[in-house]
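Q: I am new to this structure. Could we go through it together, one topic at a time?

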Amino acid sequence: MKLRTTLMAFSMAALVSGCQSLNTDALLQSGSQAFKAVSLSDSDVKTLSDQSCAQMDSENTIAAANSAYGKRLGKIAAALGDNINGTKVNYKVYTTKDVNAWAMANGCIRVYSGLMDLMTDNEVEGVLGHEMGHVALGHSRKAMQVAYGASAARTAIGATGGVAAQLSQSQIADLGEKLVNSKFSQSQETDADNYSYDLLKKRGINTAGLASSFDKLDSLDAGRESSMFDSHPPSKERAENIRKKIEADKK
Ligand SMILES: [Zn+2]
């Protein structure tokens, strides 16, 4: 396992230019300590994702496979498949009123029962296809790098034995929390929507559910200060994007 360190040059430049009267050498020295960030290897990302997923599972109530939610998810999972570019998918339902779904780079996909209450199976397929897109397109890996940098990098600097081995239980919990709340860019969101559309088509799943899932999120957005998709492009635009694709496919 390789542990690489990079100096975040932009932070340093901002610091130095803002503090002309300070001793630059001393500042550079302390800065290089404070702003080292660890570049995670693929195996680091996998291990940290495994740990974060297990931690989230331990903090939530998982619906049994033979419960109504478990059975619905089983059907949805069979439709979507259990593989993202060679990464094996592991699906589970958390029993909670929250409307949410997410995926980690190791193929850990979780959907909340609140979202399943709101949506049809076909709509859940569209949403989970979107989450799979974040994994397939490398967004989840990047999100792990960001979350790791924000929550754990400082204590990991210079230690040996691999990045993941150095994290405490509370750091893993913090990492999981940050991952689940990752903000993706608008272009990442649109790319994940398009990935879902293509995946649904490829798997012979009705693509209409992807568009109507956005209609439901739109009505939810209106009544709430924030939602799972609050950083996404507006839900109306997302539905429109998918409906245009559906129309174009008919021609
Ligand atoms: Zn997304």
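A: The structure, a predicted model, holds 1 disulfide (a pair of cysteine sulfur atoms within 2.5 Å). Local features need pLDDT of at least 70, side-chain atom pairs count only at pLDDT 80 or more, and totals for chains, interfaces and linings use all residues. Residues are numbered from 1 along each chain as its sequence is written, and side-chain values use heavy atoms, with hydrogens and water left out.

Q: Which residues form the disulfide?
A: Cys-53 and Cys-108 do, with their sulfur atoms 2.2 Å apart.

Q: And which parts does the pair tie together?
A: Cys-53 lies in helix H3 (residues 42-59) and Cys-108 in strand E7 (residues 108-112), so parts 55 residues apart in sequence are tied together. Helices (H or I, at least four residues) and strands (E, at least two) are DSSP runs, numbered from the N terminus.

Q: Are Cys-53 and Cys-108 buried or exposed?
A: Both are buried, meaning under 20% relative accessible area, with exposed over 50% and partly exposed in between (1.4 Å probe, protein chains only).

Q: Now the metal. What coordinates the zinc ion?
A: His-130 (NE2), His-134 (NE2) and Glu-189 (OE) coordinate the zinc ion at 2.1 Å.

Q: Where do His-134 and Glu-189 lie?
A: His-134 is in helix H6 (residues 121-136) and Glu-189 in helix H10 (residues 186-202), so this pair also ties together parts 55 residues apart in sequence. Both His-134 and Glu-189 are buried.

Q: What is Leu-128 in contact with?
A: Leaving aside neighbours within four places in sequence, Leu-128 has contacts (heavy atoms within 4.5 Å) with Leu-73, Ile-76, Leu-80, Tyr-91, Ala-101, Ile-109 and Val-111.

Methods:
Donors = N, O, S within 2.8 Å, 3.2 Å for Na, K, Ca; no water.
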